[in-house]
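Subject: Structure for you to look at

Hi,

Here's the structure I promised to pass on. Have a look at it first, then read on for what turned up.

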Amino acid sequence: MSLTVLSWISVDLGRPDAAEDHARAAWMCAERADHNALRAWVRATQHTAAFWQADYTAAAQYAADGLSYGGTGTARLFLSSALAVDLAHAGQVEAAERALLRAQHVAETAAPAEDELAGPLTCSTDRAGSLWSDAELALGRADAALSFADRAVAAFEATAEQRRNRGSERMARLQQVKAHMALGDLRSAEDALRPVLDTPAAQRVRPLVHRVTEVGVLAAQAGGTGGAAARRIRGAVADFRGNTVATRELGP
């Protein structure tokens, strides 16, 4: 389990090469222990490393293989949701739609109490909802993406502080931002972005910075149609990146 968590941390730190090394070692341990729950979460971590390198085909392969081991607990919810995102970003529309429906069915039937590996290796329905929003946005369905993101954020806000996953919540809020921008509502996007911009510098992990950078690109693409809101978003994103050490190699 420790190697799996270390692999996930390496992704957050922008070191997918190290993440892959740690994940291979974790997989060997899971194989020797014949531990299916750990196998599933190692595959989830490998999916994540591939996803943030934009290798959606490999990410989908890891997620699909992980599902063969994730029969119980919330690993199945994460992997089925991740597979939908991977397929959507890979342009496999029909397969992504089927995977999205399966993920939502898993959410209706999953039993969180069955999780063998708690802590960071768990997936709540609000965390899954953020992934569903990502898939819908990749499929060009901004209204559905916003609906999923809104529900995910509301669920995070209603969660007791000691159980609240702030990292996943921020990613869900960024899905709200991107969906609002896709719908041409930059003022609502600006409002949704504010809590993310308050993230302490030490918690600005690479995937978060990547998503914030995407928001800045979308604001730039809005150009004159976005008006003052687009300019404010671009400025806020620039300030966020300027106060973050994880921006190297992310581009403009």
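Which residues in helix 9 meet which residues in helix 11? Keep in mind that this is a predicted model. On the helix 9 side you'll find R170, M171, L174, Q175, V177, K178 and M181, and they meet P207, L208, R211, V212, E214, V215, L218 and A219 in helix 11. Sorted by class, that contact has ten nonpolar, one polar and four charged residues.

As for how the two helices lie, the axes of helix 9 (residues 166-182) and helix 11 (residues 206-222) come within 10 Å and cross at roughly 10°. Angles under 35 degrees count as roughly parallel, so helix 9 and helix 11 are roughly parallel to each other. Their crossing is left-handed.

Now try helix 7 (residues 125-138) and helix 8 (residues 142-157): their axes come within 8 Å and cross at roughly 165°. Anything over 145 counts as roughly antiparallel, so that's the label for helix 7 and helix 8. Helix 7 also passes helix 8 in a left-handed crossing. Helix 7 brings D126, R127, G129, S130, W132, S133, E136 and L137 to the contact, while helix 8 brings A142, A144, A145, F148, A149, A152, A155 and F156. Those residues divide into ten nonpolar, three polar and three charged.

Leaving out residues up to four places away in sequence, S80 touches L67, A99, A103 and V106.

Cheers

Technical notes
Residues numbered from 1 in each chain as written. Predicted model: local features only at pLDDT ≥ 70, side-chain atom pairs only at ≥ 80, totals over all residues. Heavy atoms only, no water. Axes fitted to C-alpha atoms, helices over the stretch in contact; angles between N-to-C directions. Helix = DSSP H or I, 4+ residues; strand = E, 2+ residues; numbered from the N terminus. Parallel < 35°, antiparallel > 145°, perpendicular 65-115°, else oblique. Left-handed = near helix turned anticlockwise from the far one by under 90°. Contact = heavy atoms within 4.5 Å. Nonpolar A, V, L, I, M, F, W, Y, C, P; charged D, E, K, R; others polar.
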